[in-house]
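Thanks for asking me to look this one over. My notes are below, as numbered points.

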Amino acid sequence: MNDRPPIKRTRPTFTDQEALLFHSDGRPGKLEIVPTVPMATQRDLSLAYSPGVAVPVLAIAEDPSRAYDYTARANLVAVISNGTAILGLGNLGALASKPVMEGKSILFKRFADVDSIDLEVDTEDADKFIEAVRYLGPSFGGINLEDIKAPECFIIEQRLRELMDIPVFHDDQHGTAIIAAAGLINALDLTGRDVKTTKLVINGAGAAAIACIELLKAMGFKPDNVILCDTKGVIYQGRTEGMNQWKSAHAAVTDRRTLAQAMEGADAFFGLSQKGSVTPEMVASMAENPIIFAMANPDPEITPEEVAAVRDDAIMATGRSDYPNQVNNVLGFPFIFRGALDVRATTINMEMKIAAAEALAYLAREDVPDEVAAAYQGARPRYGKEYIIPVPFDPRLIHVVPMAVAKAAMDTGVAGKPIVDTAAYKAQLSARRDPVAGTLNRIIERVRRYPKRVVFAEGEEEQVIRAAASFVNQGLGKAILVGREERISEAATFLGVDLEAKGIEIQNARLSHRNSAYAQYLYERLQRQGYLFRDCQRLINQDRNHFAAAMVALGDADAMVTGVTRNYSIALEEVRRVIDEKPGHRVIGVSVVVARGRTVLVADTAIHEMPTARELSEIAIEAAGVARRLGYEPRVAMLAFSSFGHPPGERSAKVREAVAILDNQRVDFEYDGEMAADVALNRDLMAQYPFCRLTGPANVLVMPAFHSASISTKMLQELGGSTVIGPLIVGLDKPVQIVPLGAKDSDIVNMAALAAFNIGG
Ligand SMILES: NC(=O)C1=CN([C@@H]2O[C@H](COP(=O)(O)OP(=O)(O)OC[C@H]3O[C@@H](n4cnc5c(N)ncnc54)[C@H](OP(=O)(O)O)[C@@H]3O)[C@@H](O)[C@H]2O)C=CC1
Ligand SMILES: CC(=O)C(=O)O
Ligand SMILES: [Mg+2]
């Protein structure tokens, strides 16, 4: 036993029902395919399909390399499985593997902008599997094999590598080996060990384990120092039961026969087997400062809590995202394929794998950026026992790992299209990140560190109850539902949400003991606007927005979210009857538009119909504040239909006046105008106005009026495929956010987090 503090999970858990809902809500599954060319007119149709399509067909027939220019192949990876080793859950078949494979596909997209599609092949016969896959080469730039059990996976991968001229990579083998090796390089460094003398035990002798042992031996581990175990115990020379050629190749000369015996005095342990296969006694018998990577998914061989109970000197890692040190192949495959695709590598060889492992290991030794700090609850992680490997949300991975892989491919002569300008390549890689996901993640992690009490005004709605449950599950704070107890309890039971267990409070406006204090507060605000006391009482008793806003106004809740059942402007009007604007501020709406890797804030998307010049200048100031709170340095463009005086017009003159007001106020952010939207967003067009004071394309667009703001953001969302968050309400004295009518639970939780973060200032 020891007195080490208990292991803190970085993320709380979720219920089975939430996991099912996550997969079934809206369009079932986790991905869809979206065209990248217009398909609106007869001409589009003729170009995309017959007869126009014949032209690229003939070009490719003449020169196959043109497929990279005229089709999606260059950026497309197939994730292929037969479901014979789904995570650590075992052989559950091709169909059951689909959620994992869809998951891998979206991780490719999310982390490295690699397009990917999952293919589930329904056979356990290695030859049939090979036949099914070998002819798919023309469709893809790479093949990521997943969750195929040993030993068939070795035959399948080997054969497909011979038959296909694109990278074929079994993720469970090499992805795992690369990440585990990266973690181990650092764990050895931290414990002052040398690869040549370190004694390692690996439990599991399947796909992942065999690849790990091979990579580690290539990196300098001595065969005599590594013992492999499987369900029959130690794999020793001379053993005959349950053997195959891959196990035999690593059979140890040893008289130890069980995992427990193997682990006695071992320096390091890799678990690539099954949940619970290691006991605390085994861990207790290891050498000083033991290194334990329990990588079985979804549940490790032994939990960090169990290890902490018997050792206070261990370096502990698991495959999960909810503990420190996640050793999981998600850190590898997206970035490794990114680098391989970018140089059109014909294969992913040992040098590329080692380069990836080293790049990952060294990245963990550097100072971390904010996104990473946010992903760690509490202190900023520093290279050490609790941070031996980067986290998947690390924004540097996208340029560090692909760059290392691409370079190794070029150095070893397998790159079909070497990179000439590495600086340009690095910039291109960074642009592939999805910025808003990082930003939201950062906000959510911050809220987690400083949890708040959020009142969900429409507590009887199913999606609101789900959102409140998820808010609590994510550790964002306390949720309060406004509504009638019986209605909420009934709906919660139907949804399988245990309100009591989650500590979710219900506030019935009519029965609340705070109700007269709220009515009195409201009466003091409205008595000179024609409201009687009983009018105010009715508003508090009968209207959940007035009640919830009063809770926030009087400090019974920290933030509020509403809007699911009521029009935005009506909900806002109700809230504003209870809560004023912040002194010295103006209440406005700011929408966050994310499109093609860019994030742009648009204001005012909620309040001022025809703002005056002064109002426009104040909108610019408020919107710049939001940009800063989101982590962007604002570059504000004051938009109009004209640019710098041409063509002239009344609205444009107002915008120019607003710029002059900002000039007089000496604000501390970049702004200029009036200018048209394309000038604001397009660097080349902006260069036509060399006197323009913006140092780059604008990231805050102040619209000349509400109609242009609302129309443009809604069109971007519907036609341009942009993600639009908001309008976020900015400038209120207390944090309140309003979701769009009919919003889904995930939108409500995000908005609740933004309210708790106080995005509105
Ligand atoms: N963290 C990560 O990134 C990754 C983790 N993994 C995890 O590694 C594990 C194995 O996956 P994979 O190699 O693809 O699967 P395979 O089916 O190829 O191999 C499984 C191996 O585990 C052994 N095994 C199963 N149960 C036990 C046990 N109780 N004690 C000892 N050995 C056992 C099997 O032994 P036998 O040969 O005797 O049947 C077999 O050698 C899974 O839990 C998976 O989730 C895999 C890939 C990535
Ligand atoms: C992470 C992974 O690929 C696995 O557990 O199978
Ligand atoms: Mg896997």
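1. Let me start with a term: two residues are in contact if their C-beta atoms, placed from the backbone, lie within 7 Å. In that sense Val405 touches Ile336, Gly339, Ala340, Met352, Ala355 and Ala356, leaving aside residues up to four places away in sequence.

2. Some ground rules for reading on. This is a predicted model, in which local features need pLDDT of at least 70 and side-chain atom pairs count only at pLDDT 80 or more, while totals for chains, interfaces and linings use all residues. Residues are numbered from 1 along each chain as its sequence is written, and chains are lettered from A and ligands numbered from 1 in the order in which they are written.

3. On confidence, the pLDDT (the predictor's confidence in each residue, from 0 to 100) averages 92 over the protein chain, and 96% of the residues score at least 70. Residues 1-5 fall below 50, and that stretch has four contacts in the model beyond near neighbours in sequence. The model scores are ipTM 0.98 and pTM 0.72.

4. Three domains are given for the protein chain: domain 1 (174-328), domain 2 (444-578) and domain 3 (588-731). These bounds come from an automatic or database domain assignment. The centres of domain 2 and domain 3, taken over C-alpha atoms, are 33 Å apart.

5. A residue is buried if 20 or more other C-beta atoms lie within 10 Å of its own, exposed if 12 or fewer, and partly exposed in between, with C-beta atoms placed from the backbone.

6. Around ligand 1 there are 30 residues, of which Gly88, Gly206, Asp230, Ala296 and Gly319 come nearest; a residue counts here if its C-beta atom, placed from the backbone, lies within 6 Å of the molecule. The elements giving two or more residues to this shell are α8 (171-190), α9 (207-218) and β6 (226-230), and α9 gives the most, with three. Helices (H or I, at least four residues) and strands (E, at least two) are DSSP runs, numbered from the N terminus. The shell of ligand 1 divides into 12 nonpolar, 14 polar and four charged residues. Ala, Val, Leu, Ile, Met, Phe, Trp, Tyr, Cys and Pro count as nonpolar, Asp, Glu, Lys and Arg as charged, and the others, Gly among them, as polar.

7. Leu87 sits in the loop between β1 (76-81) and α5 (98-112), and counts as partly exposed because 16 C-beta neighbours lie inside 10 Å.

8. Please also check two cis peptide bonds. One runs from Ser50 to Pro51, with omega near 10 degrees, and the other from Ala603 to Asp604, with omega near -15 degrees. Asp604 is in the loop between β16 (598-603) and α27 (613-629).
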